[in-house]
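This report covers backbone geometry and ring contacts. The sequence and structure come first.

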Amino acid sequence: MSGAAQSDTIAAVATPPGRSGIGVLRISGPGCRHIARQMIGELPPPRHASFRGFRDAGGGILDRGIVLFFPGPHSYTGEDVLELQGHGGDVVMRLLLQAALDLGARQARPGEFTERAFLNDRIDLLQAEATADLIESVSAAAARSAMRSLEGAFSQRVNSLQQSLTDLRVRVEGALDFPDEDVDAVIGVDLTYSVQEQLQIIDELQLQADQGRLLRSGIDVVIVGSPNVGKSSLINKLVEREAAIVTDIPGTTRDPVREICMIDGLQVTLTDTAGLRESEDRIEQEGVRRAGLALVRADVVLWVHDDQIADTDSAAKLRQQMAAGAVLIEVNNKIDRLAQAPYRQNNETGTTVIGLSALIGDGLDYLRETIRECVGYNPAGEDLFAARERHVRGLADARGYADRALQAIKNDEPLEVIAENLRHAQQSLAVLTGQFSADDLLGEIFSRFCIGK
Ligand code: GDP
């Protein structure tokens, strides 16, 4: 990305609204030194905590606290950055922000500090996204993986892959001038083997990115079954054992009941639905319509049975509503009534069936294990990094082009075709790190940050 300096100075309160021990005002840009002199007097030594009075544009004292000055380029944004740590109250913070604005700063947009860090080459796009992911992480495992991305684990893998593809492409392009010679001899490597090797690396990376995506965004589990089979009891048991972290999920108010539980660091959103039964009742019809919507989004559908209650849904009907790739698990609840031990088996259609008791809590581990397995989540993975849907797609694009290059080699197609596909593969990776990215993508990414980050 271009390292073009930003001409204006931005300011924002970096701590959340409300009362707290301290509140932080953050300012970044060329006007920092001027604002610092007006608000706190002499510029403090770089990166040293100094205790100062904070003044408004007219010289009146607003607060006293710690000030930190980070001269660019060795700062978060790569520009001059000033941080004022005052008393954490909304009014104090608003007055401090107003003073900075009166002295020439403008209110920062969400994520604008991080966006500047990206534009000034302090971090790449994967790291910028990891910053937001770390702040928003829903479990310790998700936070660890975001931290690994932030420290560059993902970027390094993508960069080295990109480097190998570029290297290979340059060699192939070099061979274009020698059409009649043995390609491998001119290129200096076994082309087929080299591309296969890159494909293998992309495959590994895809697997890891997919795990990282699961960790970051969690999965949707929808529970269906006739009334009274024990759906709510099952949800309550799943939520109760694992400490539930309740987050704000936009748009949930119109949806069926939703609860969140964690399975080994994986965030699972559980939705209790009315199922797909037919009904004359208007309210129930609405419930069924919403159940259909929830089913479309589900990664996993749990179909709960009670041997004394007739099923109102059918596997075929459920599968029809589910997205391709979503998994159906059947749960035979209330095994305590039959004095049965929990079990896990496959029925004749290959669907996994779990026997459990939601009342006693027996057999829930089978259920957790099955959910984990069917979405491919492996909590033992130590070297996970946070990833997003965008990354998974980018890697899939790169894989598609590399595979196309391999086919071209095997079919003896012209070298130009091979070079072109390798170039596309490499470009798909460049989009991931942000070396090559459209403005609207950047806008979309940074607008989701919080203010002051
Ligand atoms: P829902 O309508 O499907 O949400 O069902 P509920 O969770 O409200 O449960 C209906 C009834 O079944 C309640 O009286 C529960 O206590 C009972 N129930 C739920 N799970 C079990 C179970 O595993 N064993 C037994 N014996 N009763 C259960």
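## Backbone and ring contacts

Asp-412 is exposed, at 72% relative accessible area. Exposed means over 50% relative accessible area, buried under 20%, and partly exposed in between (1.4 Å probe, protein chains only). The model is predicted: local features need pLDDT of at least 70, side-chain atom pairs count only at pLDDT 80 or more, and totals for chains, interfaces and linings use all residues. Residues are numbered from 1 along each chain as its sequence is written, and side-chain values use heavy atoms, with hydrogens and water left out.

**Backbone.** Asp-412 has a positive phi, near 55 degrees, in a residue other than glycine. Asp-412 sits in the loop between α13 (389–410) and α14 (415–433). Helices (H or I, at least four residues) and strands (E, at least two) are DSSP runs, numbered from the N terminus. Asp-121 also has a positive phi, near 65 degrees, and is not glycine. The loop that holds Asp-121 runs between α3 (112–119) and α4 (125–135). A cis peptide bond joins Gly-72 to Pro-73, with omega near 5 degrees. Pro-73 belongs to the loop between β4 (61–70) and β5 (81–88).

**Aromatic pairs.** How many aromatic pairs does a search of the whole structure find? The search finds three. Rings of Phe, Tyr and Trp (its six-membered ring) pair if their centres lie within 6.5 Å; planes under 30 degrees apart count as stacked, over 60 as edge-to-face, and the rest as tilted. Two of the pairs are described here. The rings of Phe-118 and Phe-446 have centres 6.1 Å apart and planes at 35 degrees, so this pair is tilted. The pair links distant parts of the chain, with Phe-118 in helix α3 and Phe-446 in helix α15 (residues 439–446), 328 residues apart. Phe-446 also pairs with Phe-449: the centres are 5.5 Å apart, the planes are at 35 degrees, and the pair is tilted. Phe-118, Phe-446 and Phe-449 form one aromatic cluster. Phe-118 is buried at 2% relative accessible area. Phe-446 is buried at 2%. Phe-449 is buried at 7%.

**Charges over rings.** A charge sits over a ring if NZ of Lys or CZ of Arg is within 6 Å of the ring centre and within 35 degrees of the ring normal. The table gives such contacts.

| Charged residue | Ring | Distance from ring centre |
|---|---|---|
| Arg-26 | Phe-113 | 5.3 Å |
| Lys-453 | Tyr-76 | 4.6 Å |
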